Amino acid sequence: MNKLKARGFSPVVTHRKEDGSRWTVKEKLMLGLTPKEYWATQFKNPFNWIIAVIYAVGLPVLVGRFIFGLGWATHSSYDYPWGLFLGWGLFVMVPLSASGFMMGTTVELFGRKDFKSLERLGLLNGLLGYLFAVVFLQVDLGQPWRLVYPMFVSLGPAAVLFLVAWHVATYLSVQVAELVPAFSEWMGLKKPKKFIKSIVLGLTISGIILSTLHQGALGGLFTYTPGKLHPLWFSSAFQWLHFFCSSIFGGLSMLIVVSTLTKWFMKWRCDDKFLKNLDYCTLGLAKGCSLALITYLVIKIIAVAHDNEWGYLFSGWGQWYLFELTAGVVAPMVLYALAIRNQNASLARFAALLAVLGIALNRMNTALWAFNWKLYQEIPHWREVMIAITVYTTYIVVYRFVLARMPIVYSWKGDE
Amino acid sequence: MKKINRRSFLKGGVAGTAAVATTGLSSKASAAGDFGGYPDSMGVLVDLTKCVGCRTCEAACNKEQGLPAPDLPFDDFSVFDMKGHGGQKRRTSEKEYTLVNRYDIPGRDKPIFRKFQCNHCQEPACLTSCFVNAYTKTKEGAVIYDESVCVGCRTCMVACPFYVPTYTYSSAINPVVKKCIMCYDTRLKFGRPPACVEACPQEVMTFGKRKDLINLGREKIKRNPGKYIDHIYGEKEVGGTSWMYMSDVSFDQVGFDTHLGNQPIISYVKDFLAMVPMVLTIWPALFTGFHLLSNRKKANEEKENSKS
């Protein structure tokens with residue numbers, strides 16, 4: 001598509017064609033290309049071929065999981081009831097999707113209009129991350145069709161997971177609402193946008209509340225496991241704070257990573273405002289990240305002191321723990337600081353990648369690797385890995401689909 | 001940031017409050033004092049020194065609970081040498097709610113056997129972690145489970161400090177949790193001991209009121225100086241369990257986790273649960289305040305400009 005753009009093609013950004021007639025929805029979906037041109041560009045994209053290969057292997061396995069059960073797709077471990085689907089799909093995806101509430105807060109609550117050009121990408125990153133966390137959950141649940149039971153059929157309100165269920169469900173609807181303006185611009189509907197604008201502050205604040213609580217609650221889930229999770233990763237008092245605080249830089253760093261990928265691979269879709277502001281916004285987010293990172297580092301150390309776990313640091317687990325903190329927290333923190341000092345957005349992007357990987361490592365450690373540290377290591381079944389890759393690929397496909405169409409990284413011209 | 005007038009601000013506030021009202025229901029912090037268990041609940045005291053590893057209890061459980069036939073017959077003792085994942089000893093599964101493992105202790109002339117099943121905690125972690133309330137601690141002492149509401153999140157399996165609940169992963173249509181229910185439906189409810197207790201030829205297990213069993217155990221320790229470890233496992237562990245154990249070798253040598261502490265699992269979660277209603281009530285005002293403060297300067301500047 002970038003090549004097409006270089007040859008003078010411009011994707012749909014307004015309701016009317018050059019001759020004054022309206023684009024139909026179908027034409028908008030094709031980005032203003034004729035069907036033949038559209039499919040030709042899709043066909044030529046090497047990334048689509050990779051996706052096709054993943055689907056060719058992964059989709060049958062995914063279908064098989066629902067026909068033959070979890071026992072067929074996973075090791076059906078009684079000792080490791082949660083595997084990759086939740087370890088990766090829930091515990092890693094959700095903190096990396098905290099960008100939605102962070103950008104909402106920055107722009108709508110604190111009035112930082114200078115981040116406006118990244119706000120919608122932040123919201124979309126949030127919405128899709130949560131949506132696919134729920135998809136992963138549905139793959140993992142024994143009886144996914146009973147998903148609404150904790151809401152309406154049999155309530156266990158004192159359980160941490162009850163809170164996660166309610167908050168993720170509520171927050172998903174908040175995020176859908178926050179993205180209604182983008183959709184209504186694209187569809188040419190005025191009223192919904194106006195309505196959302198009128199309640200945007202309420203939406204933003206409920207977003208903060210819900211995010212604080214469910215990001216924390218994901219950590220809270222592991223406070224049930226004092227005898228199973230390694231003491232260095234376990235903290236009865238601070239687990240929720242660790243998860244919440246790390247989601248702040250996790251979400252923002254993911255936003256930097258995603259915006260960088262967008263700039264590289266979907267430049268044709270970005271407008272000048274987005275591209276011009278991107279370095280400035282990246283460095284601004286970098287400041288937020290470095291503040292969150294230093295806070296997180298300190299409260300992680302406080303947790304070790306609080307439970308007097310210094311002795312563990314000298315064990316093999318301790319080395320692994322220190323590696324996680326050094327590579328995933330200290331390194332991005334220092335790099336972010338250097339990037340801000342030298343106004344070097346590229347360095348901030350590299351720091352963001354490290355921070356994202358650091359979050360992933362921390363959540364995987366908590367959910368799988370340092371879990372059952374007294375027992376044995378569980379290596380996921382290949383089918384489980386394949387399903388996780390397939391669902392994550394779908395996340396990328398949907399992400400790209402929306403990004404190419406809705407006014408997320410470009411502004412819609414001419415409301416009508 | 002769009003300009004906020006009083007009316008739209010109030011509307012925003014209402015949406016926020018509505019979100020709080022709906023989600024507020026979700027966060028009942030159960031920070032009540034510790035629950036010491038039902039006063040007359042029943043329990044079982046297991047004397048490991050008496051067990052000879054005949055596996056009669058396993059057979060009795062299998063029959064009572066209508067479980068599928070085992071891979072190896074119950075009189076096959078090669079199972080004691082079986083090693084599971086990661087060199088682990090045998091563990092319970094969806095097909096066996098109880099089993100006996102052999103431990104060869106250096107210096108002890110005979111091996112010691114340990115029976116494993118749900119310990120039926122006073123404050124069960126499975127129960128407190130379940131978001132559909134599938135678990136019940138009955139007044140008789142059993143921890144039972146209602147499979148008709150189970151969603152299959154398996155948090156109970158994660159939360160159980162004893163690795164007790166298992167899951168019928170093999171079923172695609174109706175997978176459920178399987179674990180020992182102390183024969184609640186068929187026996188305990190009517191005041192009768194669980195099948196494994198009754199079947200034991202060695203009288204390893206004593207069924208009775210939990211508080212009487214604790215006294216009995218202490219008495220036994222006192223009457224046989226030097227025989228038993230001076231500890232009844234389960235009297236205090238994770239808030240106390242209905243099944244308790246006596247042994248003549250230290251408990252960590254026979255596969256018991258001796259680092260679980262005496263707090264019920266839920267007490268580790270209470271720090272988080274207590275914070276939930278605070279966030280729900282404090283955050284809206286706090287962040288609305290931040291918003292007003294951050295826009296204050298702008299408003300003041302506009303005022304100044306209009307004056308001059």
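User: What makes chain B and chain A count as being in contact?

Analyst: This is a predicted model, so everything here is computed from its atoms. Contact asks for heavy atoms within 4.5 Å. By that test, 76 residues of chain B are in contact with 76 residues of chain A. The two chains bury about 6,500 Å² between them, and 66% of that area is on carbon and sulfur atoms.

User: How many salt bridges and polar contacts are there between the two chains?

Analyst: There are three salt bridges between chain B and chain A. Across the same interface, 27 residue pairs are in polar contact. On chain B, the elements that each supply at least two residues to the side touching chain A are α1 (6-24), α3 (125-129), α4 (155-159), β6 (166-167) and α7 (266-307). The largest share comes from α7(B), with 17 residues. Sorted by kind, that side of chain B has 41 nonpolar, 26 polar and nine charged residues.

User: Why is the pair Asp79(A) and Arg91(B) called a salt bridge?

Analyst: The cut-off is 4 Å between a side-chain nitrogen of Lys or Arg and a carboxyl oxygen of Asp or Glu. In this pair the closest N and O atoms are 2.6 Å apart. That value is within the cut-off, and the pair is counted as a salt bridge.

User: Why is it said that the salt bridge of Arg154(B) and Asp140(A) joins two chains?

Analyst: Their closest N and O atoms are 3.0 Å apart, and the limit is 4 Å. Arg154(B) lies in the loop between β5 (143-145) and α4 of chain B, while Asp140(A) sits in helix α8 (residues 116-140) of chain A, so the bridge joins two chains.

User: Why are Arg154(B) and Asp140(A) called buried?

Analyst: Buried means under 20% relative accessible area. Arg154(B) has 3% relative accessibility, so the label buried applies. Asp140(A) also comes out at 3%, so this residue is buried too.

User: What makes Arg349(A) and Asp279(A) a link between distant parts of the chain?

Analyst: The two residues form a salt bridge, with the closest N and O atoms 2.8 Å apart. Arg349(A) is in helix α16 (residues 345-369) and Asp279(A) in helix α14 (residues 272-306), both of chain A, and they are 70 residues apart. Arg349(A), at 12% relative accessibility, is buried because the value is under 20%.

User: Which residues of chain B are linked in a network of salt bridges?

Analyst: Arg55(B), Glu58(B), Arg90(B) and Glu96(B) are linked in this way. Over all chains, the whole structure has 22 salt bridges.

User: Why is Thr168(B) called buried, and what does this residue touch?

Analyst: Its relative accessible area is 10%, and because buried means under 20%, Thr168(B) qualifies. Thr168(B) is found in the loop between β6 and β7 (177-178) of chain B. Leaving aside residues up to four places away in sequence, Thr168(B) touches Glu94(B), Asn174(B), Pro175(B), Val176(B) and Lys178(B). A polar atom of the Thr168(B) side chain lies 2.8 Å from the backbone nitrogen of Val176(B).

User: Which residues touch the most other members of the largest nonpolar core?

Analyst: That core has 221 residues, and the ones touching the most other members are Phe91(A), Leu121(A), Tyr336(A) and Met205(B). Helix α10 (residues 160-187) of chain A gives the most to this core, with 15 residues. Apart from it lies another core of eight residues, including Leu45(B) and Met244(B).

Conventions: Residues numbered from 1 in each chain as written. Chains lettered and ligands numbered in written order. Predicted model: local features only at pLDDT ≥ 70, side-chain atom pairs only at ≥ 80, totals over all residues. Heavy atoms only, no water. Buried area = accessible area lost by both parts, 1.4 Å probe. Polar contact = N/O pair within 3.5 Å; in protein donor to acceptor, adjacent residues only side chain to side chain. Helix = DSSP H or I, 4+ residues; strand = E, 2+ residues; numbered from the N terminus. Nonpolar A, V, L, I, M, F, W, Y, C, P; charged D, E, K, R; others polar. Core = buried A, V, L, I, M, F, W, Y, C linked by side-chain atoms within 4.5 Å. Buried < 20%, exposed > 50% of the residue type's maximum accessible area, 1.4 Å probe, protein only.
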